[in-house]
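Here is a protein model to look around in. Have it open beside you, and let's walk through it piece by piece.

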Amino acid sequence: MDVPFSSSGAMSRAHYALVRKVESTTPHATDQILLAEVHSIRNQLARSTLTLKQCKEYLVLLLYCAMTVNPGVHLDLEFALPYAINLAEAGQTIQNKRTGYLFCAEVMPLEHELQLMLVNSIRKDLESSEVSRICLALDTLIQSPSQDIVPAIQSRLHDLLSHYSPHVKRRTLLAFDTLSQLEPNILQDIVSKTGKRLKDPDPIVVGSALRLGNTLVNANVLPAEKYHIVVSELLNATWARRPRPSDSMLLNKILHAISQLTPSADDLKTIQEILEHYAPLGPPAYAIIHQCFRAAAASDTKDLMDVQTTAGISIVKEIRHLLTSNDTNGLYLFVTCLSSVDPTLWAGTSPDIPPVLEGWEVERVMQLLESDDKLIRKQTLRTLFHVDQAIVESYYARAIQGDLPSTSTQGSDDNLPRLLEILDVLCGDDGEAYAHQLKTVLKHAEGDGPVNRRPVLQEAVEEMLMRIHTADSTWRSTCIGVMFTSVIDAESELGPTLMVILAALFCEYVELSPISPAELLRGLSTRIASYSASVQDACLITMLRISAASDEIPQEAVAAVKELHAHSGRHIRRRCDHITTLAQSKEALKRILAGAQSSSLPDFVLSLEKYEADQQKAPSRSPSLAPRSPPLKPHTPEPLSSRASPAHAPSRLRYAAYEPPKPTQRLRRLSSSSSRHSEDGGSAPRRSYQDPMAMTVTAGDLTLAAQTSDLRSIPSMGLSPLPIVQILDEEPSMVPADLIALDSPFMSEPAPPSIAAAMSNMSIGELDFEATWDALKSGAARGWCESSIDTVLRKLQGLQRRLRVTERDRPPFEGDLKIVICADPPDPSNKTGLAAVRLKESDDDSCLWWLRSEDEQLRNIIKATLR
């Protein structure tokens with residue numbers, strides 16, 4: 001980077017210096033620099049004097065490191081999530097909040113334990129009166145939606161549909177569209193407001209409403225006929241203003257919405273008028289022309305024919321001038337539009353409709369098959385295939401014989417790309433036919449020389465792998481089945497190009513193979529000696545990958561590898577050694593597979609090389625214990641019980657120890673508003689009361705506290721909205737001292753007695769909550785309650801039913817308070833009067849709840865109680 005800091009756009013001097021250092025070094029040294037930078041930032045974030053500005057700069061640097069590191073190097077950035085959430089919650093500027101939200105969206109998994117903290121921050125920003133904060137929260141929802149957030153914000157989102165700002169309304173519509181993929185029920189109550197937004201004066205709001213309207217139709221929430229009427233009226237109203245091509249974004253979106261439906265005759269008349277108006281306006285109108293043809297292609301062919309007959313014109317005639325254009329985009333638009341409509345309307349295949357194109361124009365279309373542009377050639381093939389399949393088959397026969405003229409820009413290798421293009425169009429959705437024809441094409445392109453002297457056609461390898469990756473599952477499975485079977489067919493000749501393709505596919509799809517891994521290993525072992533060293537390298541790596549999926553390694557494969565080892569160079573011998581040493585160690589292979597960034601062959605090789613390098617650094621370690629990557633995960637604090645015992649760990653006090661304290665009454669840990677069962681099933685003793693305002697903390701404080709102490713490792717402590725006061729446990733037979741651990745970042749007084757402790761007395765023996773929960777699958781509901789768990793328990797107690805409470809730190813659903821509501825006396829065989837409730841606590845005296853009950857009356861009563 002040769003620009004000064006003032007012109008670089010770097011966030012800070014440290015950012016500028018890091019970028020300069022990375023850009024001036026080798027790739028291997030780059031990884032070491034970035035790993036060291038991540039380690040340094042982790043230490044800097046732990047400082048007590050950290051400011052929000054510094055936190056923002058460090059998070060930006062971490063994102064830069066994650067994007068710049070080379071593939072195969074693992075960076076664990078989860079240690080910075082508490083700081084990102086704190087920045088999003090406590091940041092006073094939009095830039096600070098945006099950085100925090102962006103880091104969480106890029107790094108935090110959907111099921112992460114800190115998701116609830118992020119939900120609270122988003123809720124607060126949505127409740128804000130500042131448009132910028134609302135838009136930022138909505139952008140975060142659209143970018144990283146979560147199913148758990150829906151009950152907490154659904155009512156607020158409904159209100160924001162009527163907000164005065166068009167930017168808020170637009171983002172709210174998009175947020176509903178995104179969240180509906182996770183929770184379709186949220187679409188039930190917004191049909192009327194979506195209709196109002198379709199008539200909004202701001203075009204950007206209408207465009208988003210069209211997208212949400214299409215989602216409503218697909219979800220069967222809005223009738224397609226009703227939506228069609230609204231969109232048709234909107235099309236006529238927008239077209240009446242005759243917008244310029246530069247201002248036609250809304251018209252494009254309306255035409256796209258029409259294409260998702262079945263255009264009526266009136267719609268087609270309007271579309272024909274739009275096409276006639278914009279066709280002569282050149283490149284600025286290309287987008288509208290394309291949308292017009294897409295909408296016309298979605299209509300019934302008879303309706304379109306009737307409209308053309310009535311108007312006395314053809315929609316294809318409106319774009320004939322593009323065929324003689326020197327603009328590549330214009331030519332591609334012409335053949336794309338031609339391919340989208342039924343050939344009977346323009347090709348003269350029907351005796352009732354004369355051809356639209358003249359003879360010289362048809363000849364011009366055929367000349368596009370020799371175009372330098374690959375997309376134009378392929379789209380022209382599709383257009384001719386729709387007219388007559390025999391035209392494309394004849395062209396394919398000429399290509400196989402090498403009779404096609406070569407273009408000046410592609411030289412002698414021009415024939416293979418054309419063959420692959422024709423093959424793709426001819427076979428279409430038939431993956432089996434594609435695999436059979438591919439063998440013929442590759443054999444023709446490679447020639448008839450010895451297998452070990454034939455070239456590997458890199459372009460064919462890339463094209464085939466891309467075709468496999470982008471295909472649907474049906475096409476992929478049939479194509480892979482044919483190709484994998486050819487490996488074990490002794491009479492099938494596999495050239496080097498096809499073998500490299502198979503090697504890559506084996507690594508990615510061996511689990512989907514119709515042939516057993518052992519048979520694949522036998523087939524590869526019989527062929528590997530006939531290839532050149534480069535192909536043998538790929539085959540050996542593939543055999544190692546297949547060995548991970550095989551229960552046993554065939555003796556034929558072992559013998560073939562040993563034979564190859566005896567007659568090969570140093571590199572191939574090293575690959576053979578990999579198979580003989582690692583194929584027998586399933587743990588080592590699992591570790592290599594886990595270290596690969598993806599299932600592709602290159603990523604597997606990178607992971608293998610990294611594993612080998614780790615083994616050289618630590619030769620005494622067994623394969624299964626080799627380190628996967630530099631230790632970047634944050635340090636996990638010891639459990640409190642291990643800190644308490646001097647036999648396990650020394651005291652962390654900096655000064656000389658005090659004299660042993662005299663026996664005093666035992667202090668209990670500060671718990672959440674819902675306490676847990678004691679060991680003998682009794683309730684917890686009462687605690688002294690404290691002013692609740694003294695214990696109010698923010699979501700950011702809680703996340704920082706969560707990083708300092710691993711709360712999950714404490715078996716008697718659940719997730720709490722209040723800071724945890726850690727104490728040193730003593731042996732059960734001893735009276736402990738009233739010591740407060742110095743590691744806790746917060747200090748607080750004991751909490752008032754909890755309702756959960758009192759409710760524990762009502763439990764009548766242990767209940768299998770998981771079995772009850774699974775038995776009530778048919779009647780489920782969930783939502784967000786603005787009351788604390790204490791208040792919810794009091795309300796449920798008022799139902800005059802038997803409650804059975806299960807601790808939050810006990811399975812299943814650890815972190816949730818589990819409650820079974822049943823009749824008194826309980827009857828396990830009868831589901832009437834039976835309900836199961838889960839409560840997840842928030843930090844602002846509210847909670848997320850899940851409910852299951854097959855008793856509709858009881859379910860409605862509990863839902864009304866929780867709302």
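## A threonine to start with

Looking past its neighbours within four places in sequence, threonine 194 is in contact with Ala209, Leu212, Gly213 and Leu216, where contact means heavy atoms within 4.5 Å. Threonine 194 sits in helix H11, which covers residues 191-197. Is threonine 194 buried or exposed? Threonine 194 counts as buried because its relative accessibility is 2%; the cut-offs are under 20% relative accessible area for buried, over 50% for exposed and partly exposed in between, using a 1.4 Å probe and protein chains only.

Before going on, note that this is a predicted model, where local features need pLDDT of at least 70 and side-chain atom pairs count only at pLDDT 80 or more, while totals for chains, interfaces and linings use all residues. Residues are numbered from 1 along each chain as its sequence is written, and side-chain values use heavy atoms, with hydrogens and water left out.

## The chain as a whole

The protein chain has 38 helices and 5 strands. Both are DSSP runs numbered from the N terminus: helices are H or I with at least four residues, strands are E with at least two. Of the 867 residues in the protein chain, 51% are buried. Take the contacts in the protein chain with a separation of 6 or more: 67% of them join residues 24 or more positions apart.

## The sheet and its helices

Strand S3 (residues 817-822) and strand S4 (residues 835-841) pair in the antiparallel sense over 5 bridges. Valine 820 stands opposite alanine 836 in S4.

## Two cavities

Rolling a probe the size of a water molecule over the atoms shows where empty space is left. The structure holds 2 cavities of 30 Å³ or more. A cavity is a set of points, on a 1 Å grid over the protein atoms alone, where a 1.4 Å probe fits but cannot get out; lining residues have an atom within 4 Å of a point. Grid points are joined across faces, edges and corners, and a volume is the space filled by probe spheres set on the points.

The largest cavity has about 50 Å³ of space. Its lining includes Gln115, Leu118, Thr140 and Ile149. Helix H7 (115-126) and helix H8 (131-143) each supply at least two lining residues, with the largest share, 4 residues, coming from H7. The lining divides into 6 nonpolar, 4 polar and no charged residues. Ala, Val, Leu, Ile, Met, Phe, Trp, Tyr, Cys and Pro count as nonpolar, Asp, Glu, Lys and Arg as charged, and the others, Gly among them, as polar.

The second largest cavity has about 30 Å³ of space. Leu369, Arg377, Leu381, Tyr395, Arg418, Glu421 and Ile422 line this cavity, and H22 gives the most, with 3 residues.

Note on methods
1 Å grid on protein atoms, 1.4 Å probe; cavity = no way out; pocket = protein on both sides within 12 Å on 5 of 7 lines; lining within 4 Å. Pairing = 2+ DSSP bridges.
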